[in-house]
Each structure stands twice: as C-alpha cells, then as structure tokens.
Amino acid sequence: MLKSNQPSFEEKWPQMRPIVLKLLKQEPVTHSEWQELFYAVHLVCLWDDKGPTKIHDCLQEDIVTFIKQAQSRVLAQREEQALLKAYIVEWRKFFTQSGYLPLPFWQLENALQLSVGSWFQGKSQSSSHNSSSSSSKKSNHSDDSIVRKLMLDSWNQSIFMNIKHRLQDSAMKLVHAERNGEAFDSQLVIGVRESYVNLCSNTEDKLEIYRENFEAAYLQATSAFYRLKASEQLQADGVKSFMEYADAKLREEEARAERYLEPGSITALAQCCVTVLIGDHLPTLLAECAPLIEARETERLQLMFRLLDRVAGGVDPMLRDLENHIVQAGLADMLAAADVITQDSEKYVERLLELFRRFSNLVKEAFNDDPRFLTARDKAFKTVVNDISVFKLELPTTATAMARGIKSATPESKCPELLANYCDMLLRRTPFSKRLTTEEIELRLKDVLLVLKYVSNKDVFMRYHKAHLTRRLILDSSADSEKEEDMVEWLREVGMPADYVNKLARMFQDIKVSEDLNTQFRAQTTRHDAINIKILNAGAWARGSERVSVSLPLELEDYIPEVEDFYKKKHSGRKLLWYHHMSNGTITFANNSGRFDLDVTTFQMAVLFAWNQRPNEKVSYENLRLATELPDPELRRTLWSLVAFPKLKRQLLLHEPAVGNPKDFAENTLFWINQEFALVKNGKPQRRGKVNLVGRLQLSTERSQQEDNQSIVQLRILRTQEAIIKIMKMRKRLSNAALQAELVDILKNMFLPSKKMIKEQLEWLIEHKYMRRDDEDINTFIYMA
C-alpha cells in the first residue's frame with residue numbers, strides 16, 4: 001500500500017520534460033515550474049532506485065535531440081562567415097543554458113556518484129528550493145557537474161568536432177580583416193576561442209586543445225601577416241618610419257590579444273610579433289643606430305631602444321655604438337682643442353666636463369638613463385679621460401725599478417696632473433679663483449672629483465695634489481682654508497687611499513701646531529718680525545732626497561742656531577732638517593729707479609745677495625756657483641727666473657752673452673744687476689712697488705721633478721708587491737686569474753696595474769722566495785711563509 005504511493009520516474013518525467021525543453025530552448029520558465037523541477041528530481045532520486053539512471057538517459061536523449069536541431073541550423077549555412085555567425089548564435093544560447101540546466105539536477109548527480117562509489121560532500125538540503133539556493137548550487141557544481149559535462153560533451157561530438165577547423169579559419173580571416181582596417185563583431189572570434197576552452201575534456205589542462213589549435217593558428221596567422229606587411233613597409237618608407245609602424249603595431253596586437261586570446265597566450269603573441277617585426281629586421285635597424293646617435297636624434301633613438309629592448313641581446317650592439325661614438329667624438333673634440341687645453345688646465349677640465357654633460361644628456365634623453373647605457377657611457381668616458389693621444393705622461397724607468405722587475409714603463413694620460421693643477425687654481429689665491437663665489441668653487445671641485453672617478457692612475461693625481469697643497473700651505477696662498485679641509489674629506493669619501501688622505505690631514509695639523517711654536521719663538525727673540533718658522537713633520541710633507549744645499553746669506557744663517565736651540569728645549573731627541581727650497585722671504589731692492597719689495601725663494605735670495613757688497617760688478621756663472629753652492633740645475637733655474645721672468649718688462653738681472661734657455665749658460669757667462677729695473681704700469685716706470693718672483697719655482701727642484709715621476713713607478717711596484725703578499729698570506733694557495741682579479745680590486749682606487757707589471761712582480765716575488773708555483777699547475781701560486 002505504501003509502495004504504490006511512492007513517486008516513480010514514469011510518473012514524474014512527463015511533468016519534468018516540458019520544463020527541461022523550455023530551459024534548452026531558452027523559453028520562459030515560471031517560478032513555480034522552476035521549483036517543481038527541483039522537487040520532482042528530488043522525489044524520483046529519493047524513492048525510485050533506478051530513477052537517477054533513467055533521468056540521466058532521458059536527459060541525454062533530449063539534449064542530443066536539441067543539439068541535432070541546432071546542428072541542422074548551423075550546417076544549413078554554406079558560406080564561411082554565415083556558418084560562423086550561426087554557430088556563435090547557437091553556441092551562446094547553449095553555453096548559457098549549460099550553466100542553468102544542471103542546477104535542478106544536483107540531487108541526481110549525488111545519486112549517480114554514490115551509485116558508482118563516489119563521495120560527494122555538502123548533502124544538506126531543504127525541501128523548499130528558492131532562487132538563492134539555486135545560485136549557491138551553481139557555484140558548487142560549475143565544472144564538476146555531470147549534467148553540464150553531458151551537455152558540453154554532446155555539443156563537442158555532434159557539432160564542434162566536425163566544423164572546428166572551418167570555424168577557426170573563419171575567425172582568423174576576421175582577425176586578418178580587422179588588421180586591414182575592416183570592422184566586425186569581435187564576439188565571433190571570442191566565441192570560437194571559448195568553444196575550444198570550454199569543450200576540452202582534459203580536466204587537468206582545460207587549455208590544451210585551445211593552445212594546440214586556436215592559439216597556434218592565431219600565432220601563425222599573425223606571423224604570416226606581419227612578415228609580408230613588415231617587408232613592404234620597410235621597403236616603401238625606410239627604417240625610421242618602419243620603427244614607428246612596428247611600435248604602433250606591437251601595441252595594437254597586444255591590445256587585440258587581450259580581447260581574442262586567453263591571458264596566458266599574450267606573452268607568446270607579443271614574442272611572435274617582436275620576432276617578425278623586429279628580430280627578422282634587426283641588422284637593418286641596427287645599421288641606423290650609429291647615424292642616429294651621431295645626429296643626436298633622441299626621439300628616434302628612444303623608439304629604437306624601446307623596440308630592440310624586446311629582443312634578447314638586441315640592445316648590445318646599441319651599447320657598442322654608443323661607446324664608439326663617445327670615444328670617437330670625445331677624442332676628436334679633445335684633439336681639435338689640443339692647442340688650448342694642453343696649455344691651460346682650466347680649459348682642459350672644462351672641456352672634459354662639457355663632454356661628460358653632453359654624453360650624459362644623450363643617455364638621459366635617448367635611453368632614459370638605463371643602467372646599461374650609463375655603464376657604456378662610463379666605460380667610454382674612461383677611455384677618453386685616460387687617452388694619451390693628446391698628451392701623455394712619461395714615467396721613467398729607474399735603476400731601482402729595473403732591480404724590482406720593471407723593464408719598461410708605459411706612457412700614461414696626463415689628465416690627473418692637469419686635474420691637480422686645476423684644483424690648485426681653484427684653491428689658491430689666483431685671478432681665476434677670485435672671480436668665483438664660494439659655491440661656484442665648491443661646485444667645480446665636485447666636478448673635478450667626478451672626472452677623477454674615471455682616472456685610472458689616481459696615484460699621479462695624489463702626488464701632484466699633495467705638491468700643490470704643500471706649496472699653498474707654506475706660502476699661505478690658500479683662498480679658503482675651510483675649502484682646503486673640505487677637499488681632503490671629499491677625497492676620502494670618493495675612495496682615495498686612507499694613508500694618502502691621512503697625510504693630507506696631518507699637514508693641516510702641522511700648520512696649526514707650527515703657528516703656536518712660531519708665536520712662542522717670536523716671544524723669545526728680539527728680531528721677532530724678521531722670521532716666520534714652520535716646523536713640519538717630514539713624513540707627511542717631504543722626502544729626504546729633496547733637500548738641496550745652499551750657502552745662505554749671513555742675515556739668515558744667524559737664525560738657524562737660535563731656532564734649533566729653541567726647538568730642542570721644547571722637544572728633546574728630535575732633529576731639525578732645513579728644507580731651504582721650501583723657504584722664501586721678502587727683500588728690499590733699491591736702485592736708481594726706486595725702491596721695491598721682492599718676494600723671492602731662498603735660492604733667489606742667495607743669488608741676489610752675491611751683489612750686496614758690489615752692486616755694480618759683473619759676476620760670472622762660475623763665481624755665482626761658488627758663492628751660492630747651489631747644484632748646477634738649481635742655479636740655472638734660479639738665474640733664469642731672474643733674467644727672464646715672464647711678467648716683468650724690465651728684468652732684475654742682465655747677462656751676456658744672450659742665451660735662449662738656462663741650459664746655454666756657460667761658466668764665463670756674466671750677470672749683473674739691472675740698475676734701470678723698475679715696475680712698468682701703463683708704459684710708465686713706477687718708483688715703488690712689490691714683485692713676486694717666486695712663481696712656480698717654490699717647492700719644486702729640478703731633482704724633485706724627476707723624482708716625482710720615478711717615485712710614482714717605485715711606489716706602484718711596492719704597492720703591487722704588498723697587495724700580492726697580502727692576498728697570498730690570506731689565501732695560501734690561489735690561481736693566477738683569481739689573484740689578478742683580487743689584486744685589481746685592491747689597487748683600483750690608486751692605479752690599474754697592467755698585466756705586464758703584475759707578471760713582472762710575480763716573477764720577482766717568486767725569485768726572492770716569497771711565493772712559488774705549484775709543481776703540478778704553473779698557473780697556481782703557493783705562499784711561502
């Protein structure tokens with residue numbers, strides 16, 4: 001009795017089927033019909049054991065019947081575009097229904113899964129199914145729905161499998177037409193793509209069929225289209241217009257790909273376009289790079305950079321072209337101005353800075369300060385700065401250097417010497433520095449440090465900068481003492497070696513200490529206004545070999561014992577060494593024309609005092625040498641400064657016979673005081689005035705100038721050996737390549753050792769048993785304790 005009242009499939013299906021057909025045909029379904037379908041499925045699955053299977057079979061039959069009707073409507077179209085449009089209309093309707101039709105049958109799916117031993121979670125339900133419960137079930141069964149899979153599989157087998165290639169070809173033709181400027185409904189192409197994605201039976205990779213068919217065809221069509229169009233565009237309009245065309249098409253295709261392709265395909269499409277639009281024409285595009293750089297066409301260069309940066313390695317030739325341009329243009333500019341810059345440190349440094357700014361602006365405007373192009377700029381500018389074609393510094397090879405393994409020296413750039421000279425002009429009281437404000441001087445000093453960054457032989461700059469600083473401090477000719485000390489700190493900040501910077505800082509301390517000593521000494525002597533002593537640390541200031549003997553005037557000679565006694569009382573155990581070439585003074589010169597104060601070096605003073613007792617006599621070169629006891633080179637330089645001082649129209653000394661340079665002075669050359677000497681201003685002799693005859697003689701002897709360059713080489717040898725030993729002591733065992741890499745890294749802030757120098761120093765250290773080669777590998781070194 002109870003069983004006869006239980007609902008069965010045969011009883012319920014006639015009520016369910018009309019609603020299912022309405023859903024398939026997208027006909028209106030009332031709210032009560034929608035709920036009735038939910039409830040009928042629920043009852044059949046609950047009470048009829050075979051009900052779920054029967055519902056599935058009948059549902060499949062109706063779905064296939066509906067699809068057959070849709071197939072007949074689609075295949076009735078013979079023309080390709082009409083076929084595609086008809087398919088998209090039917091597919092859109094069917095795909096929409098595949099999201100709604102499975103919802104009432106969720107109980108059926110539970111029953112079918114349980115019947116085959118599957119487990120389905122989330123069985124809670126209510127007898128009343130409203131629209132909100134329906135939508136929640138949609139999210140639970142979207143892609144896993146048996147009914148939805150049944151619908152899509154049936155569509156695939158009945159329609160799509162048979163005509164997918166025709167649809168795909170039609171879609172590609174539409175895309176081709178769009179590229180040619182024709183308009184059409186983009187949903188036609190999107191529908192074909194969605195069919196490939198949604199009809200794929202591979203649950204692990206839903207895009208498998210799409211990639212193998214639609215994506216591959218899209219990429220192939222794109223490649224074929226632009227391979228033809230690109231060649232035509234290039235031949236018709238040239239490279240410059242072609243770059244604009246390629247840039248526009250790349251953006252256009254990326255936008256199109258976002259509409260027609262899956263997100264994962266956009267990268268592949270972009271790479272395809274880059275290959276056919278840029279990669280295939282790379283040599284032609286690159287051929288235009290150098291001329292564009294030469295003409296500074298920054299907008300076109302920016303466009304070229306944007307295009308070639310998409311190609312692997314495409315930017316590398318542009319980097320080489322930029323480097324070549326900077327080197328060639330920089331050296332050509334320097335050579336063109338060689339006559340000026342070789343004689344004027346200011347012009348030289350300003351020309352270098354102007355070049356750097358010009359090349360930096362090019363990199364900024366054309367390549368957006370891309371790090372790769374900044375590196376290329378730095379590499380090329382370093383070549384310009386260290387070039388020796390304009391002028392070079394010859395570093396001599398001394399006997400000491402020969403003994404330590406240096407057989408010959410390589411000419412180097414004179415840039416660091418000129419940079420040091422320029423710094424001196426800024427920091428010393430000169431007409432040049434007086435024209436500038438403090439801010440301008442600081443800015444220019446920072447510019448010097450900028451150029452110094454590119455100098456390979458920084459040790460040369462250090463040597464000359466220290467010599468100039470010594471001169472400024474001793475002559476008290478610094479324009480701004482604060483800027484002097486700031487410069488020392490800036491050198492420390494840019495990585496100059498600590499021992500060098502510390503010596504410079506010590507020099508300032510010595511001057512301050514010396515001022516205190518001088519004050520104390522003056523308080524103990526009655527002639528306190530006549531002398532100003534500077535007691536300095538020899539290690540920070542000078543080398544012993546620079547000392548030059550000279551016979552001082554008696555007026556100066558008397559002070560020496562007095563100063564030494566004073567210092568010994570203050571500091572016992574210390575010895576004073578007198579550096580007369582670093583000393584200077586002011587003497588009063590009187591003749592028939594007037595009375596003049598002369599600032600002179602100690603050597604000049606010694607020469608002039610030879611006439612103190614006989615002002616009208618002529619004295620031979622030989623007698624002057626005996627009277628002053630100066631070495632021949634220094635006597636010649638000193639006499640030349642008195643007979644041919646460039647700023648004087650009337651020289652202090654006269655001589656005969658006339659000579660063209662100091663080397664031509666003979667032992668019997670006669671010198672005498674010019675009794676007509678006077679300062680001439682505006683063509684009129686002045687009866688009083690002050691003349692500075694020190695010039696560039698101060699602090700520089702003939703011997704010390706030679707030793708400056710020799711000591712640079714010797715110091716490099718010692719620093720190289722020291723660095724090698726330091727590395728080997730730490731590593732114990734190291735290959736040649738690794739040793740050279742570490743060595744360059746240690747020494748780069750002073751100088752870049754050449755491979756030849758490194759090899760020679762390695763051989764010298766091996767010969768003197770500091771290290772040895774490995775018996776089994778000659779390129780491996782072993783430290784010997």
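Two residues are in contact when they have heavy atoms within 4.5 Å of each other. Keep that in mind for the views below, which come from a predicted model.

**View A. The whole protein chain, before we zoom in.** There are 33 helices and 13 strands in the protein chain. Of its 785 residues, 49% are buried. If you take the contacts between residues at least 6 apart in sequence, 72% of them join residues at least 24 apart.

**View B. Helix 13 and what its buried residues pack against.** Helix 13 covers residues 298–308, and its buried residues are Thr-298, Leu-301, Leu-303, Met-304, Phe-305, Leu-307 and Leu-308. Which helices do these buried residues pack against? The list runs to helix 9, helix 11 (282–287), helix 12 (289–295), helix 14 (316–336), helix 16 and helix 17. The last two get a view of their own next.

**View C. Helix 16 packed on helix 17.** Helix 16 spans residues 345–367 and helix 17 spans residues 371–385; their axes lie 10 Å apart, at an angle of about 160 degrees. That angle makes the two helices roughly antiparallel, because anything over 145 degrees counts as such. The crossing of helix 16 past helix 17 is right-handed. On the helix 16 side, the contact uses Tyr-348, Leu-352, Leu-355, Phe-356, Phe-359, Ser-360, Val-363 and Phe-367, while helix 17 brings Phe-373, Leu-374, Arg-377, Phe-381, Val-384 and Val-385. Sort those residues by type and you get twelve nonpolar, one polar and one charged.

View D. Is Phe-359 buried or exposed? Its relative accessible area is 1%, and the cut-off for buried is under 20%, so Phe-359 counts as buried. Skipping residues up to four places away in sequence, Phe-359 touches His-325, Ile-326, Ala-329, Gly-330, Arg-377 and Phe-381. Of these partners, Arg-377 and Phe-381 are part of the helix 17 side of the contact in the previous view. Ala-329 is 30 residues from Phe-359 in sequence, yet the two C-alpha atoms are 9.7 Å apart in space.

View E. Asn-368 has a positive phi of about 55 degrees, although it is not a glycine. Asp-369 isn't a glycine either, and its phi is also positive, near 55 degrees. With 34% relative accessibility, Asp-369 counts as partly exposed.

**View F. Leu-277 and the largest nonpolar core.** How many residues does the largest nonpolar core have? It has 181, and the ones with the most contacts inside it are Tyr-87, Phe-105, Trp-155, Phe-214, Leu-277, Ile-278 and Leu-491. Helix 9 (residues 208–260) contributes the most to this core, with 17 residues. Zoom in on Leu-277 and, leaving out its neighbours within four places in sequence, you'll find it in contact with Tyr-226, Ala-230, Phe-242, Tyr-245, Ala-246, Lys-249 and Leu-250. Apart from this core lies another one, of 37 residues, including Val-548, Phe-589, Phe-677 and Val-691.

**View G. A cis peptide bond at Pro-657.** The bond running from Glu-656 to Pro-657 is cis, with omega near -5 degrees. Where is Pro-657 found? Look in the loop that links strand 6 (653–656) and strand 7 (670–673).

Notes:
Residues are numbered from 1 along each chain as its sequence is written. This is a predicted model: local features need pLDDT of at least 70, side-chain atom pairs count only at pLDDT 80 or more; totals for chains, interfaces and linings use all residues. Side-chain values use heavy atoms; hydrogens and water are left out. Axes are lines fitted to C-alpha atoms, for helices over the stretch in contact, and angles run from 0 to 180 degrees between N-to-C directions. Helices (H or I, at least four residues) and strands (E, at least two) are DSSP runs, numbered from the N terminus. Angles under 35 degrees count as roughly parallel, over 145 as roughly antiparallel, 65 to 115 as roughly perpendicular and the rest as oblique. A crossing is left-handed if the near helix is turned anticlockwise from the far one by less than a right angle, and right-handed if clockwise. Ala, Val, Leu, Ile, Met, Phe, Trp, Tyr, Cys and Pro count as nonpolar, Asp, Glu, Lys and Arg as charged, and the others, Gly among them, as polar. A nonpolar core is a set of buried Ala, Val, Leu, Ile, Met, Phe, Trp, Tyr and Cys residues joined through side-chain atoms within 4.5 Å. Buried means under 20% relative accessible area, exposed over 50%, partly exposed in between (1.4 Å probe, protein chains only).
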